[in-house]
Amino acid sequence: MTIYQYPQRSEWADIIKRPTFDNSQLRDLVSNLLDDIRREGDAMIRQLEAQFDHCQLADIQVSDDEFKEASQNISEDLAFAIRQAAHNISRFHESQRCLSYKVETQPGVKCWQKAIPIDRVGLYVPGGTAPLFSTVLMLGIPAKIAGCSKIVLCTPPNAEGKVNPAILYAAQVAGVTEVYKCGGVQAIGAMAYGTESVPKVYKIFGPGNQFVQMAKQLVSLRDVAIDMPAGPSEVAVIADAKANLEYVASDFLSQAEHGADSQSVLFTDSEDVVRRFEDVMNRQLEKLSRQALTRHSLEHSKVILLHDQNEIMELVNEYAPEHLIINTTNYEELADLVRNASSVFLGPYSPESAGDYASGTNHTLPTNGYAKAYNGVNLDSYMRKVTFQHLTREGLSGLGPIIEVMAANEQLDAHKNAVTIRLKDFK
């Protein structure tokens, strides 16, 4: 972990850089795998599953019996937690429904839009170092609310060829229509191109490691839409002198344990916080089960001491974090200054874990500074907006001359004629 004390503005750009990795070889490797999947379908899925997930698959699709078995193999405590989280996620995403209405832009000219769900969506849920059943809820519930007719989920199986029971239970709760046993690049390729077993979808959602993210980027060039660009997960925490450092350290570490390439950054205007923070964090770190992984993440995590909160907010907005926790006495005031962040957590009792699991907001978020231009997954992510217009005779009579002048000046004669030929009939 690196500590920066009162850095000059000229240093800010370098300080907030994310860890970078040379992905030129990765791109070639993933591209070749995708070509194989496109060409060989299920056979290549089985081959890659044997290679990477060490299992021999008979059936790629999860059966009804496997769903029933999964429901019987999770504890009632976990089942209840999943259902309660699903309730909160549903309530929040239901509130995002678009209300469309007709607008008369001038007499006889009416315009409106209609929200239509994407028919086929694909959800990717990692299952490597941790089975992310919470991601099933985050991706599946808004798809169901939107009205997507086919909701396909791909997730890696274990060595016995079985999917984690919590993932399958969450899929049932969320309304997922089909689940397939494939992870990594093979899952993205299967949903992008379609195979004998896995249907082709129109848009792919979900997090994943660098191989998954590269695969999503490559298939989005010509074959399928994706939710957003993303990279390693990250959190920025703002803490003042009165912040409980036990809380601050727990938030810092909860993000760091995601993976070796995750990043946690603490912003503060208190020298006392800087002086005490590392000891508090190290005491908590010693108790973590994923300690080795977390220590790798902390190698590129940072503590940044600035002169005041105005400087902090300026630098935070430049960093544009995936998660932003504002643990200060005046968190509401600072919240008004947020311009660039994917998801914001206010006050001492709003840990990032709440949004990751069960408060209701979505945890599928843009990282790597993309919060400057993208938002996280929401109901609109699963919809398309189709515009309509209707012109009466009166409407075209009034608007037609405007169109004719514009078309003529763009030298698009056929555009002009499409109006002129109608206006002549009005005389």
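In the predicted model, helix α10 passes helix α11 in a right-handed crossing. Helix α10 spans residues 245–256 and helix α11 spans residues 271–285. The axes of these two helices come within 9 Å and cross at roughly 60°. Angles of 65 to 115 degrees count as roughly perpendicular, and α10 and α11 are therefore classed as oblique to each other. On the α10 side, the contact involves Leu245, Glu246, Val248, Ala249, Ser250, Phe252 and Leu253. These residues meet Val273, Arg276, Phe277, Val280, Met281, Arg283, Gln284 and Leu285 of α11. By residue class, the contact of α10 with α11 comprises 10 nonpolar, 2 polar and 3 charged residues.

Helix α2 covers residues 24–40, and helix α9 covers residues 210–219. Their axes come within 9 Å, with a crossing angle of roughly 65°. The helices α2 and α9 are therefore roughly perpendicular to each other, and α2 passes α9 in a right-handed crossing. From α2, the residues that make the contact are Leu26, Arg27, Leu29, Val30, Ser31 and Leu34. Helix α9 contributes Gln210, Phe211, Met214, Ala215, Leu218 and Val219. The residues of this contact between α2 and α9 divide into 9 nonpolar, 2 polar and 1 charged.

Spaces within the model were considered next. A search of the whole structure for cavities of 30 Å³ or more finds 1. The volume of the largest cavity is about 40 Å³. Its lining consists of Arg18, Pro19, Pro232, Ser233, Glu234, Asp261, Ser262 and Gln263. The classes represented in the lining of the largest cavity are 2 nonpolar, 3 polar and 3 charged residues. Among the lining residues of this cavity are Arg18, Glu234 and Asp261, each of a type that counts as charged.

Of the 14 residues that line the second largest pocket, Ser342, Leu365, Gly376, Val377 and Asn378 are the closest to its centre. The lining of this pocket includes 5 nonpolar and 9 polar residues, and no charged residues.

Technical notes
Residues numbered from 1 in each chain as written. Predicted model: local features only at pLDDT ≥ 70, side-chain atom pairs only at ≥ 80, totals over all residues. Heavy atoms only, no water. 1 Å grid on protein atoms, 1.4 Å probe; cavity = no way out; pocket = protein on both sides within 12 Å on 5 of 7 lines; lining within 4 Å. Axes fitted to C-alpha atoms, helices over the stretch in contact; angles between N-to-C directions. Helix = DSSP H or I, 4+ residues; strand = E, 2+ residues; numbered from the N terminus. Parallel < 35°, antiparallel > 145°, perpendicular 65-115°, else oblique. Left-handed = near helix turned anticlockwise from the far one by under 90°. Contact = heavy atoms within 4.5 Å. Points joined across faces, edges and corners; volume = space filled by probe spheres on them.
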